[in-house]
Amino acid sequence: MYQKAKSLLRNIVYLVVIFFLVSCSNPVQDMQNHYNDGDYLQAANSAIKGMHDNNLRPKIKIFMEEYGELLAKRSIYQGKELMQDSLSEQAIVYFQSLSKVLEEMEMLNFPIPTLSLTISEANTLLEVSIRKFVEARFESGLAEYNGDLYRASIKSFLLVQKYVPTYPKLNVYINEATKKARRYLSISPFYKPADPLTNIIANT
């Protein structure tokens, strides 16, 4: 009984400490920590949160007057690094988030002279990221299709469809790959539904 009470008390103290630490945290400190850690997107998010607080707004502005342009420049650079892997959606997701954050910063009148230019660059890089991704995924899908890897090709083609539904010949290849995959599944002695994609093919 004593041990249970002691354990319960320890858990309560732990929760109180966590609550205290969280309550002591503020957007200004979070912004500075994220910036120092090189997480510029999260630093911007924290700054936006702080700008909605009248007491914190002056501190946010002072920080952005000194580091805002560098934050914007480095956030773009980080996105460009992600673009090196054209088969990954990471760059697309990143620039989608970054564009929204930058636009909100502009609406809140952040003191960053280059903010409009950074927004334009982020939107352009988002378009480039999508174009490179769908091109790379379509080529990957074709290689998989020609190698009789129909399920893999369908996955690649569906990723293309996610961003550019009207991509040339995309639907033709999706339909053909689905037919061939369904035919293979129907004659394979080892077939058993393993994932949602398998079920989609089998029920098409």
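Predicted model: local features only at pLDDT ≥ 70, side-chain atom pairs only at ≥ 80, totals over all residues.

Colleague: How do the axes of H6 and H7 cross?

Modeller: The axes cross at roughly 160 degrees and come within 8 Å. Angles over 145 degrees count as roughly antiparallel, and H6 and H7 are therefore roughly antiparallel to each other. Their crossing is left-handed.

Colleague: Which residues make that contact?

Modeller: On the H6 side they include Ile130, Phe133, Val134, Arg137 and Phe138, and on the H7 side they include Tyr150, Phe157, Leu159, Val160 and Tyr163. By class, the contact of H6 with H7 divides into 12 nonpolar, 4 polar and 2 charged residues.

Colleague: Changing topic to aromatics: how many pairs does a search of the whole structure find?

Modeller: The search finds 12 aromatic pairs. In one of them, phenylalanine 133 and tyrosine 163 have ring centres 5.6 Å apart and ring planes at 85 degrees, so the pair is edge-to-face.

Colleague: Where do phenylalanine 133 and tyrosine 163 lie?

Modeller: Phenylalanine 133 is in H6 and tyrosine 163 is in H7, residues 150–163, so the pair ties together parts that are 30 residues apart in sequence.

Colleague: Let us move to H2 and H3. At what angle do they pack?

Modeller: H2, residues 27–37, and H3, residues 40–51, pack at about 165 degrees, and their axes are 8 Å apart. H2 and H3 are therefore roughly antiparallel, and the crossing is left-handed.

Colleague: What does each helix bring to that contact?

Modeller: H2 brings Pro27, Asp30, Met31, His34 and Tyr35, while H3 brings Tyr40, Gln42, Ala43, Ser46, Ala47, Lys49 and Gly50. The contact of H2 with H3 comprises 6 nonpolar, 4 polar and 2 charged residues.

Colleague: And H3 with H4: is the crossing left-handed or right-handed?

Modeller: The crossing of H3 and H4 is left-handed. Their axes come within 9 Å and cross at roughly 155 degrees, with H4 spanning residues 57–82. H3 and H4 are therefore roughly antiparallel to each other.

Colleague: Which residues of H3 meet H4?

Modeller: Tyr40, Ala43, Ala44, Ala47, Gly50 and Met51 of H3 do so, and their partners in H4 include Arg57, Ile60, Lys61, Met64 and Leu71. The contact of H3 with H4 has 8 nonpolar, 3 polar and 3 charged residues.

Methods:
Residues numbered from 1 in each chain as written. Heavy atoms only, no water. Axes fitted to C-alpha atoms, helices over the stretch in contact; angles between N-to-C directions. Helix = DSSP H or I, 4+ residues; strand = E, 2+ residues; numbered from the N terminus. Parallel < 35°, antiparallel > 145°, perpendicular 65-115°, else oblique. Left-handed = near helix turned anticlockwise from the far one by under 90°. Contact = heavy atoms within 4.5 Å. Nonpolar A, V, L, I, M, F, W, Y, C, P; charged D, E, K, R; others polar. Phe/Tyr/Trp six-rings, centres within 6.5 Å; stacked < 30°, edge-to-face > 60°.
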